[in-house]
Amino acid sequence: MMTKADVVIIGGGISGASIAYHLAEAGVKNIVVLEKQYMTYGATGRCGAGVRQQWGTKMNCLLAKKSVAFFEKAQSILDYDGDIEFKQEGYLIVASDAKETETFAANVALQNSFGIPARMCTKEEAQEIVPHLNTDVIHSAAFCPTDGHLNPFTMTDAFFKAAKRLGVHYYDHTAVTDITMKSGKITGVMTERGFIETDTVVNAAGGWAKEVGAMVGLDIPVYSRNHEILVTEPIEKIQGPMVISFSKNIYCQQTPHGAFIMGRGDKDAPKGHDMGSSWQFLEAMAKTVSELLPPVGELRVIRQWGGLYNMSPDHQPIISASRDVPGFYIACGFSGHGFMLAPMTGLLIREMILGQTPSMPLEALSLERFEGQEIEELETSVV
Amino acid sequence: MDHMNPKDIIICRCSDVTLFDLFELFEQGYRSFEELKRIKRVGMGPCQANTCGKMVQWEIAKYFKIPLEEALFHNLRPFTLGIKLKHIKEGSDT
């Protein structure tokens, strides 16, 4: 185990992997990634494997669009020997009523202003895209053909393999127990397997980011909440895009491997780190999917699980240097969308650490934006 | 069995993973059942590792020369058997 590092990244999910890769690719040496469990144990490995650019805020639109541009070339950029399974067959976001249609139309206009090729569809047009869609229960839909599916496991593996080739040291089953400080500055990271001297730490701990922040005395305004999900037996391909609805509380896609994955949130679920499975979720999901996509009801569920959304007050990520703790960087609060935004997370954190010109304005992603402020721009396009 | 080609020995029938595939992953440094699952889908099919689980555990122990109990089994999650979504819906309607 390394005893000294230039940068220590806490978290072995997609964000930590992307940050490690982007730093190493820029020539930073002596990078250590620490993971308490194993690669993608947390939200990355539990997510719905979707990538979308249809958002209601400028920041999320920009992060998503630039991330998709990376994913399109990731297989070759990272020279990966596996398959990241990036399938761009779109996201069809269905609206339940006239009011939701109005919101989507405004979102599509915003997305178009950033060059995201989304468009509004009538019920009939939506059914051409997903033939088994029950148009009786929808009002309209928005569709973006360049959204899609990406394999969370192999995408993370691709980042880590490339990072390791560039010299990154990755330690799993190595929990961080403390971050040591002297005169307000970071001096090192204490782990179960020993001490690592460093002055730069990145908090990419996902569902546990608040706890890692507390190690340097920061109160990061995020909380975690379980979101449940299930997978069916694989069948022949019948559905290209991800189908989602905010009002019906569902996302559902068929993976390239043939299985359907579907999930929904429960706003009454307690805050905390529970990642269990419930029969209540199963019943609600079975009803929702049988109504919206009737033939999917014929499929057998083979597994269900849960994972943590790390929620920020405005449902947009915190990708930020800490003003109060020099050398402490934060990438958390993705509010359910850290997987699909990871390329930009890695790039922006690298630019902050190396003092490079940022690829996009950072104020709206800063930790300090919440201080004494009313929420200026709330992202509501969240399942 | 030792004289059989590992490419001909199917470990996971649901996801079509051979012993050779496992050896390749072991050589690349993946040591745990959870990692093998994530990279090769071993144990993630309709049988949920009810067929291959013990074999995967055994092969990990053998390859890394560790006691069987140290080659951790994968996380067990619901379901035990596949159930149709519409049957779950119908069950909750009554």
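Reply: In this predicted model, helix H8 (residues 279-292) of chain A and helix H4 (residues 85-93) of chain B have axes that come within 8 Å and cross at roughly 110°. H8(A) is therefore roughly perpendicular to H4(B), a term for angles of 65 to 115 degrees, where under 35 degrees counts as roughly parallel, over 145 as roughly antiparallel and the rest as oblique. Axes are lines fitted to C-alpha atoms, for helices over the stretch in contact, and angles run from 0 to 180 degrees between N-to-C directions. Helices (H or I, at least four residues) and strands (E, at least two) are DSSP runs, numbered from the N terminus. The crossing of H8(A) and H4(B) is left-handed, that is, the near helix is turned anticlockwise from the far one by less than a right angle (clockwise would be right-handed).

Residues of this model are numbered from 1 along each chain as its sequence is written, with chains lettered from A and ligands numbered from 1 in the order in which they are written. As the model is predicted, local features need pLDDT of at least 70 and side-chain atom pairs count only at pLDDT 80 or more, while totals for chains, interfaces and linings use all residues.

On the H8(A) side, the residues that meet H4(B) are A:Leu282, A:Glu283, A:Ala286, A:Lys287, A:Val289 and A:Ser290. Their counterparts in H4(B) are B:Leu85, B:Lys86, B:Ile88, B:Lys89 and B:Ser92. Contact here requires C-beta atoms, placed from the backbone, to lie within 7 Å. By class, this helix pair brings together 5 nonpolar, 2 polar and 4 charged residues. Ala, Val, Leu, Ile, Met, Phe, Trp, Tyr, Cys and Pro count as nonpolar, Asp, Glu, Lys and Arg as charged, and the others, Gly among them, as polar.

A:Arg300 has B:Lys84 of S3(B) as its bridge partner. The loop between helix H3 (53-63) and S3 of chain B holds B:Phe79, and a cis peptide bond with omega of about 10° joins B:Pro78 to B:Phe79. Most peptide bonds are trans.

Within chain A, the domain assignment gives domain 1 (7-47 + 153-222 + 314-370) and domain 2 (87-146 + 223-309); such bounds come from an automatic or database domain assignment. The centres of these two domains, taken over C-alpha atoms, are separated by 29 Å. Their contact takes 10 residues from domain 1 of chain A and 10 residues from domain 2 of chain A. On the domain 1 side, the residues divide into 3 nonpolar, 5 polar and 2 charged.

Note on methods: Contact = placed C-beta atoms within 7 Å. Pairing = 2+ DSSP bridges.
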